[in-house]
Amino acid sequence: MHLSPIYGVMGNPIAHSKSPLIHAHFAQQIGLSINYAKILVPLDDFAHGLRSFINKNGLGANVTTPFKEQAASLCDDLSEFASLAGAVNTLSIKENKIYGDNTDGPGLICDLKYRHKINLKDKKILIIGAGGAARGIIGALLSEYPQSVTIVNRTLSKAHDLCAVFNDLAQHKQASLACLSFEQLNNPDQKYTYDLIINASSSSLHGDLPKLPVNLFHADMSVYDLMYSSDLTSFLQFCREHNVHKLYDGLGMLVEQAALSFEIWLGVKPDTAEIYKLLR
Ligand code: NDP
């Protein structure tokens, strides 16, 4: 029996995902109708969930929390960014082999460079958080030749781990890569200056704020929260109260990473402007 190809996003929870809407919109642009589903995978059974997707003629899947690392471990081959990050958000199945990519970082770069016109070359970047999202974006940020990338995280050992993973790439791109504790960042005898602060922590999910000194903020900088919402996130609200005007959330990254996944599967890079406007 011939099964028609299926695509989807695998995660837990998954009900909130906007990916089916985004991919349906992309498919429409090229006159296709795509069968793209939300796939709720049991927390302890990602491998089985993936196998059953493949058996139903699954050709491409996005992977979201908390399965990105597991997805990487199940791939036959990984792209450079996916391999460095140890995490996959895009699976492609070809001739029964599983290929893993990570489009989160390139998606963020597209959003920063082309939608928000932020050039990263020679810039000083602070990343808050050292979880899966930070892992997914550091390689792509370093590839833009920033002057420096600094990672601050509550659990400092996780920031150190990320520095070790990306150290060679940083050297190759002539960028300095370092990590800090929140205590160091809040030391009143030290003044740190950044051009761009990226909140890659999940603090905004709970309406919390990372512990940042207010002298970090200035009117010329840009701030980006990977979380997105219809109102300003708690982090962006705090930045606005401290004189920052260039405030961006992660909706553009979501749309751009989806466009890059779509291109990997179907060979066409869709236009993202309209769906971004619709979701905004
Ligand atoms: P993880 O659970 O892997 O990591 C969470 C990170 O946030 C950890 O570094 C944790 O620190 C830190 N953290 C949590 N709460 C606080 C707080 N109150 N103050 C300071 N640090 C805190 O999550 P992910 O990395 O997967 O996701 C992070 C965010 O990125 C989420 O909001 C997610 O929605 C967003 N995201 C957006 C995407 C997009 O396309 N726009 C794509 C992927 C993620 P510690 O290690 O000390 O616990």
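1. The side chains of Asn89 and Gln257 form a polar contact at 3.1 Å (a pair of N or O atoms within 3.5 Å, where one must be able to donate a hydrogen and the other to accept it; residues adjacent in sequence count only if both atoms are side-chain atoms). The model is predicted: local features need pLDDT of at least 70, side-chain atom pairs count only at pLDDT 80 or more, and totals for chains, interfaces and linings use all residues. Residues are numbered from 1 along each chain as its sequence is written, and side-chain values use heavy atoms, with hydrogens and water left out.

2. Asn89 lies in the loop that separates helix H4 (80-85) from strand E5 (90-94). Because its relative accessibility is 2%, Asn89 counts as buried (under 20% relative accessible area, with a 1.4 Å probe and protein chains only).

3. Leaving aside residues up to four places away in sequence, Asn89 touches several residues, among them Ala61, Asn62, Val63, Lys68 and Gln257 (contact means heavy atoms within 4.5 Å). Asp101, Asn102, Thr103 and Asp104 are also touched by Asn89.

4. The protein contains eleven helices and twelve strands (DSSP runs: H or I of at least four residues for helices, E of at least two for strands, numbered from the N terminus). Of the contacts between residues at least 6 apart in sequence, 70% join residues at least 24 apart.

5. Buried residues account for 50% of the 280 residues. The C-alpha trace spans about 70 × 35 × 35 Å along its principal axes.
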